[in-house]
Amino acid sequence: MQDEERVETQGTPPVSRIRILRELERKVLWLSTWMIHSANHLREKVDGLKVGGHQASSASAVTIMTALYFEVLRPEDRVAVKPHASPVFHAIQYLLGKQTLDKLKRYRGYQGTQAYPSRTKDADGVDFSTGSMGLGLAQTAFASLVQDYVRLKGWQDSSTQEGRMIAVAGDGELDEGNVYEALYECWKHGVRNVWWIVDYNRQSLDSVVTDQLFGKISHLFQMMGWRVVTLKYGKRLERAFHKPGGAELRQWLDDCPNSLYSALVFKGGSAWRHQILADLKGQEEINALLNEYDDLALHSMMTNLAGHDLEVICEALQQLDGDAPTCVIAYTIKGYDLPFAGHKENHAGLMTVAQMDQFRQRCGIEEGEEWDTFAGLELPEEELQVFLDRVPIRENRSTVRAAPKLSVPHPPEAPAKPIASTQQEFGRYLFDLAREGGPLADRMVTVSPDVTVSTGLGGWVSRRGVFHRDESVDRFGQLDLASLQKWQMSPEGQHIELGIAENNLFLILAALGLSHDLFGVRLIPVGTVYDPFIYRGLDALNYACYQDARFILVATPSGITLAPEGGAHQSLGTPLLGMAQDGLAAFEPAFVDELTAILQWSFDYIQRGGKGEYSSAWLRDSQGGSVYLRLSTRPIQQPQRVLSESQQKAIIEGGYWFREPAPGAELAIIYSGAVAPEALEAFEQLTDDFPHAGLLAVTSADRLNAGWQAAQRSRRRGDRNARSRIESLLAPIAPDAALVTVIDGHPAALSWIGAVGGHRIQSLGVEHFGQSGNIPDLYRHYGLDADTILSACASAWLNRK
Ligand SMILES: Cc1ncc(C[n+]2csc(CCOP(=O)(O)OP(=O)(O)O)c2C)c(N)n1
Ligand SMILES: [Mg+2]
């Protein structure tokens, strides 16, 4: 872009476009810095905590963000903003009329703009939440794959342009391994239309980064087929490089260690001259070159990096033609143009009141005009406003697009097997769905990190195929070799096969699960994983839920029931994780008919989008969310029954009496999941002595517990009649009854049930990493067998109040 380029604005004289952008850049720097300052200095402090914020980190990204949002972005593009540039993002949205002054003033405060951009908590069009280093980068790449998925299927209307999925990231984020896991995966899938713009200020939180690191990193990107564009010096420096002595100056800058450069930026003044002349002693031309500038002008030139040169950034981004995945390395200065620029400890640094006052005066802003959109700018307000009104992303852009719900078909009618595992029957459910077809089946997309076959998806994939941008045949099939899995790859395929990287599983689920919002196409994403390896991708799972992505996560095998595999494959804590993870409704069915009821409900639940109020049942039921199913590979005897509607409802709410207690029962066994046979065996042995006892099946400790919490909350708010499912279930039991719970997981997942009615309780479960063995060996060892359940009953009974 050249200075001469003009904007034709109605009724106003043509003005230089780049001049307007520079004015806006200045305003964005001011507003973001002021937003943080006022939150820290002007708001009443009630709790003794520092509010915080990142003025240096924000300043570093101002030029890149100004170029993007006011010039480069198209309505269909989507952006993951560097977490610590949240104030910059909100300042831009404010100038575009999409953010309120009230929320800016409450930055980091109650209901104000968020410290890190949030899809769910901010209301000004955040495309992807960020905050956890590295995840935003990966998510843009997976979002691009999802965009390809829906486009290649022909589901986006033909007038919709392809968007670029863009991440503005800190250089420190590239330390996160998940970035490289994603890079590798994206290479396999031929991901395109993704830009990662790295704010290369060579500082992270603690310190200045290692010299020449980017040489390594850019090689890595190139190896993975990415175009790497390095934007190092601004136009003024480039011009100086062409003068006599300029080549030496360039060499000096190229060789300058990051820490020295940062220190000189901070020191400013004559420090540059002293250092350069000392290093390049005896080179006459350099002396003459530096003498052209006074100290201030020299400092300004030496800090003229490309990442702070609007022209360079705009030009470079506009010239990125084609759809090659692209990494732009933009050299920047952390804290650019602010008093702590370049200081290695500036990450959480805040300007003082006096520094801020000076900055205000330098910006030409009067006291009292700090929040004013145009105060201190040189160009007439009307011209700036006309420009802002015409910014392309202001028009026709809505982050949340309408994607109608898909209706859930009746479950496939298959005769119930007398003995079956939940994993195996999950696979069969999907296989039957694939065969029967219909709109929901067509929109289902499965994904798995190299455990497709071992988690039960093999049949589904053989029917529905593997998704890939390019067609390829199954060579085994083509050569008539016997194989169970027919994996045809094509754009029609409905399974996305990942390498073994659970981070990628959750990141792609996040992208698939936001397709209705990002691309206006609703998908039904189902991801499978080994239950213990959820831990590997936990932050990415949390990230997906935080963004309100919608998906079904199916985890098998689980617990120690995967008996011979030993401790490394046994998950103990996941039931607690399922309870604690916000946005994820967790289930652990024991029987196949329960699983079917849960799946049917889940397909609807993940599509819900109501604005839910707290209710005595479960606060998310109108809003919906994602679902986690903890399944088992253990084949167990299935009850021969047809579930009524109310039984199905009870399963969804979290539990039902498998054997109803008589009123006043003194004892109940409560179980969850694959230990059902042991619980039943113990129960049957008890009934001679305790004919009134009950056997409670917990299908979702998460929802039972959440319902109980919600009911208590409602009662505290005055709704005396609020009553949760678990309270109703326990109502017939005697107040002094004894309870015994059992789960193949941490006992705390069920032990809270004792607090519901103040009952004495003994909770069985697994607390230590596992032995290998067969199921009877291990259940005996860990005390999940019928004998231990019985002795826990005896002990609880004897110790009754
Ligand atoms: C997963 C994760 N680990 C640690 C942090 C704490 N943290 C916040 S910022 C930061 C350094 C960021 O450096 P960089 O990406 O270079 O950002 P910038 O220099 O632009 O501020 C760290 C470690 C975090 N937010 N997320
Ligand atoms: Mg940095």
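**Figure 1. Aspartate 337 and its salt bridge to arginine 362 in the predicted model.** Aspartate 337 counts as partly exposed at 28% relative accessibility, and arginine 362 is partly exposed as well, with a relative accessible area of 46%. Buried means under 20% relative accessible area, exposed over 50%, and partly exposed in between, with a 1.4 Å probe and protein chains only. The two side chains meet in a salt bridge at 3.3 Å, N to O; the term requires a side-chain nitrogen of Lys or Arg within 4 Å of a carboxyl oxygen of Asp or Glu. The pair links distant parts of the chain, 25 residues apart: arginine 362 is in helix H15 (residues 353–362) and aspartate 337 in the loop between strand S7 (326–331) and H15. Helices (H or I, at least four residues) and strands (E, at least two) are DSSP runs, numbered from the N terminus.

Residues are numbered from 1 along each chain as its sequence is written, and chains are lettered from A and ligands numbered from 1 in the order in which they are written. In this predicted model, local features need pLDDT of at least 70 and side-chain atom pairs count only at pLDDT 80 or more, while totals for chains, interfaces and linings use all residues; side-chain values use heavy atoms, with hydrogens and water left out.

**Figure 2. The salt bridge between lysine 232 and aspartate 254.** The N to O distance is 2.9 Å. Lysine 232 lies in the loop between strand S6 (227–231) and helix H8 (235–241), and aspartate 254 in helix H9 (residues 246–255), so the pair ties together parts 22 residues apart in sequence. Lysine 232 is partly exposed at 22% relative accessible area, and aspartate 254 is partly exposed at 26%.

Figure 3. Glutamate 425 is buried, with a relative accessible area of 5%, whereas lysine 417 is partly exposed at 32%.

**Figure 4. The largest cavity.** A cavity is a set of points, on a 1 Å grid over the protein atoms alone, where a 1.4 Å probe fits but cannot get out; lining residues have an atom within 4 Å of a point. Points are joined across faces, edges and corners, and a volume is the space filled by probe spheres set on them. Helix H24 (574–580), strand S15 (584–587), strand S16 (626–630) and helix H28 (701–716) each supply at least two lining residues; H24 gives the largest share, 4 residues. The lining divides into 8 nonpolar, 4 polar and 3 charged residues, where Ala, Val, Leu, Ile, Met, Phe, Trp, Tyr, Cys and Pro count as nonpolar, Asp, Glu, Lys and Arg as charged, and the others, Gly among them, as polar.

**Figure 5. The second largest cavity.** Its volume is about 50 Å³. Among its lining residues are Ala420, Thr422, Pro589, Arg634 and Gly673. By class, the lining has 5 nonpolar, 4 polar and 1 charged residues. The structure holds 5 cavities of 30 Å³ or more.

Note on methods
1 Å grid on protein atoms, 1.4 Å probe; cavity = no way out; pocket = protein on both sides within 12 Å on 5 of 7 lines; lining within 4 Å.
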